[in-house]
Protein chains: 2
Amino acid sequence: MNSEPLPSCNWFGEAPNRGVMARGKRPVRSARVAECRVAIVGFGTVGRSVARILCQSAPGSLRLTHVCSRRVRRQEMEWLPDDVRWTDNVGELLSSDVDVIVELVGGLEPAGEWIRSALRAGKSVVTANKRLIAHCGPELLELAHQSGRQLAFGASVAGGVPVISALQDGLAGDRLWQVRGILNGTCNYVLTRMESAGVPFAAAVEEAQKLGFAEADPGEDLDGLDAAAKLAILARAGLRVQLGVDDVLRRSIRDVAAVDFLYARELGCTIRQVSRAEMSGGSVFAAVQPALVPLASPLARVQGSENLVIATGEFGGETVFSGFGAGGDPTAVAVVSDLVSLAKTRGNGARPAAPRAAREFRSDFFSPHYVRFTVKDRPGIIAALATVFSEHQINIDSVLQKPGYPKSSLPFVIAFEACSAAVLEQALDKIRPLEFLIQPPVNLPVLN
Amino acid sequence: MNSEPLPSCNWFGEAPNRGVMARGKRPVRSARVAECRVAIVGFGTVGRSVARILCQSAPGSLRLTHVCSRRVRRQEMEWLPDDVRWTDNVGELLSSDVDVIVELVGGLEPAGEWIRSALRAGKSVVTANKRLIAHCGPELLELAHQSGRQLAFGASVAGGVPVISALQDGLAGDRLWQVRGILNGTCNYVLTRMESAGVPFAAAVEEAQKLGFAEADPGEDLDGLDAAAKLAILARAGLRVQLGVDDVLRRSIRDVAAVDFLYARELGCTIRQVSRAEMSGGSVFAAVQPALVPLASPLARVQGSENLVIATGEFGGETVFSGFGAGGDPTAVAVVSDLVSLAKTRGNGARPAAPRAAREFRSDFFSPHYVRFTVKDRPGIIAALATVFSEHQINIDSVLQKPGYPKSSLPFVIAFEACSAAVLEQALDKIRPLEFLIQPPVNLPVLN
């Protein structure tokens, strides 16, 4: 009854039996259970976890055949089966019989060139490399397509949470117009520690570093570059727009202080680094920034290094995905899931849907805002500020001032009704030189 | 470079050009954009929403070509394009050139026989029919496989939340051992209304009926049959065990009273209808029952008719999926997503992974428990109860009694440390005849 040809013993559509017969050791099994031969390049935490899962569970007829590592010595990996070949030469994999190369080295180069060579050599590729996919994803996908192979990167965003396949496939029937999320575990750890224990920013960062959640140089995390790369990947998968990392507005969380959580709570909110991309009226807005979110929002409930993504569609409304966004094992689950999927479609899965249309990128957005001013107190400060905001047609919603701070360095907050972020910035530009400010205002949107 | 044959103009691998050429009207388009012809059987809320999405967005080259309905008259559906053929005869679809039949009639028969006939006639099938899939899923999947066609049922559980594909594919790299969820919107609506507004059970059910969340006969929802069918489907997808609906322990939510929410809150909990299936030590336990869940748990946060699923894996930990579990549009999104996926793999997607192993089913489980007694008060009641529990080696954790209730009908609660549910039932069997009880004890597990 099945008029499609059965898969050959090779999962990826090349000359039948090439690999299996060439080794001449294993019996040729029925076509349905043919092996998919996997090589891992990069044998850090994630690589080892992928290897462990492959060796323990062998899901989907996957077989680990090669590991390529320059830093790790094979002798340290006693648990690895004897028939896994160890090499420090990526070139050896390209001329081998592996079907899929798992790239876990990270960074733009040489990972990018390795992936290009692998695809050209007829290998499919699975990668967790968010930076590379964010910057070169469309080009690499095109190359994979031209080579008749596949490129999968489910592990590049939100670790173990299968959000890329959910956006691309699970919600393919909807017209998604917004993707929001908590995509950076370091920032979320820092902000939730400040929130729950009142830990100052610098101390929370240090804690995260000690626990291995933050890099020695945490700039990419704190200033939003890491999340912007992930957001670009998510926006392509979900909104089908070719968003680049540089199209994403970025604001650091470094300005957020413990006192902001106290004021936020008075407004029924907390503070999170929120990544969001949304389409409206034919244009796209994308940003990664600290923002106030209502305490009842799913965004507010994400604790520690967890990740969460909310996809909003025209038909299905909001769908929420959350789980462990980082760590060796969850990320390895995403890698192995991609491998299983590749093996299922025998490397011949469909090309991801093309972008809907070229879009304009907006840099402005409307929302309520929270601005904290820190001043040397004297009479007339509120009046001076209110005059500037009034000139810019910005409506003040409330003024919050907690007792107990010294007059020489007094923090207070103005909450604004929904206004243009750009116009608010213009007003703040006029305010920054005013002599009573002892540090620049801290401006956070309030997102619903 | 692509050594796989390009798809023919027919997405599903039958004789090339059969459909397109037979009609003789449309130009043969490039193979890459060949249409996937869709027929909808059953034109209620979901069917109309599927039709609207297909006509508005035409995702994945899907084209609605036929609608089969006995109840609805075509004249009432003015918005439907003229070239969509209307019929009241399912047989006409089987001999037509449609590629996929979307079954939205529901129920075991005649839907089951239609699906069997469709698969035998070389059509793939997409269905939202949880009852049929719960009862006959494995048989129908086998038939689909033998026929070289596909059967997809992403809409059968949790409506718009793409949880079946997430369990089967997105988390394929993990070894899932537990699936828990809030799978019945009616029960969750009723329980959250009792929780938030103190509405009595019967009134909350009536409200749900008025709002269209509950059927005229809500028994299938309240007594757990609906959720048990969904749980069976989820357990197959996630745990890969052949769980039948009858293997699921079921308890009605009818015994839960508004007062239980007050006592639950004293224990830091609320009450939800929780569906769960878990493997341990080679056996499977599955249940749908009202249970106490901690207020901080994702299960506690599900409001109204939302659905939520938590998958727990050996490697990736907990991954949470939530969104709108019912309603025409979200369910239609799930149907169309299945259609897009079928069109992508050209009806030739891989067979879902086989069950891991035959498993034993357990009917007992260990957990802390909450039992509410309603008594005609007199001295010695606690002592009488404590004696029975002590005889059964069950440890009491605390006794809660709120003031303000009449002595003639006094509710109080005993919270138990983790114990066997079966042993606790044995103890309660001894207690039920005691003369001071004015209604049977209400026994709810406390789940973490």
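Me: Which residue of strand 12 of chain B does Val320(A) stand opposite?
Reply: In this predicted model, Val320(A) stands opposite Ser322(B).

Me: Nice. And how many bridges join strand 12 of chain A to strand 12 of chain B, and do they run parallel or antiparallel?
Reply: There are three bridges between strand 12 (residues 317–324) of chain A and strand 12 of chain B, and the two run antiparallel.

Me: Zooming out, how many residues does each chain put into the contact?
Reply: Chain B gives 51 residues and chain A gives 51 residues. On the side of chain B that touches chain A, helix 2 (45–57), helix 6 (163–170), strand 12 (317–324) and helix 13 (328–344) each supply at least two residues.

Me: Which element has the largest share on chain B's side?
Reply: That's helix 13 of chain B, with 12 residues. By class, the side of chain B that touches chain A has 21 nonpolar, 22 polar and eight charged residues.

Me: OK, switching to helices. At what angle do the axes of helix 4 and helix 5 of chain A cross?
Reply: Roughly 15°, with the axes of helix 4 (residues 111–120) and helix 5 (residues 130–146) of chain A coming within 11 Å. Angles under 35 degrees count as roughly parallel, so helix 4 and helix 5 of chain A are roughly parallel to each other.

Me: Is that crossing left-handed or right-handed, by the way?
Reply: The crossing of helix 4 and helix 5 of chain A is right-handed. Helix 4 of chain A makes the contact through Ala111(A), Gly112(A), Ile115(A), Arg116(A) and Leu119(A), while helix 5 of chain A uses Leu132(A), Cys136(A), Leu140(A), Leu143(A) and Ala144(A). That contact has eight nonpolar residues, one polar and one charged.

Me: What about the peptide bond from Glu109(A) to Pro110(A), cis or trans?
Reply: It's cis, with omega near 5°. Pro110(A) sits in the loop between strand 4 (100–103) and helix 4 of chain A. In chain B, a cis peptide bond joins Glu109(B) and Pro110(B), with omega about 5°.

Me: Last topic: what is phi of Arg240(B)?
Reply: Phi of Arg240(B) is near 55°, a positive value in a residue other than glycine. Arg240(B) lies in the loop between helix 10 (225–238) and strand 8 (249–250) of chain B.

Me: Does Arg240(B) count as buried or exposed, and why?
Reply: Arg240(B) counts as buried because it has 20 C-beta neighbours inside 10 Å, and the cut-off for buried is 20 or more.

Me: And Gln393(B), buried or exposed?
Reply: Gln393(B) counts as exposed, with 10 C-beta neighbours inside 10 Å. Phi of Gln393(B) is near 60°, a positive value too, and Gln393(B) is in the loop between helix 14 (381–391) and strand 15 (396–400) of chain B.

Methods:
Residues numbered from 1 in each chain as written. Chains lettered and ligands numbered in written order. Predicted model: local features only at pLDDT ≥ 70, side-chain atom pairs only at ≥ 80, totals over all residues. Axes fitted to C-alpha atoms, helices over the stretch in contact; angles between N-to-C directions. Helix = DSSP H or I, 4+ residues; strand = E, 2+ residues; numbered from the N terminus. Parallel < 35°, antiparallel > 145°, perpendicular 65-115°, else oblique. Left-handed = near helix turned anticlockwise from the far one by under 90°. Contact = placed C-beta atoms within 7 Å. Nonpolar A, V, L, I, M, F, W, Y, C, P; charged D, E, K, R; others polar. Pairing = 2+ DSSP bridges. Buried ≥ 20, exposed ≤ 12 C-beta atoms within 10 Å, placed from the backbone.
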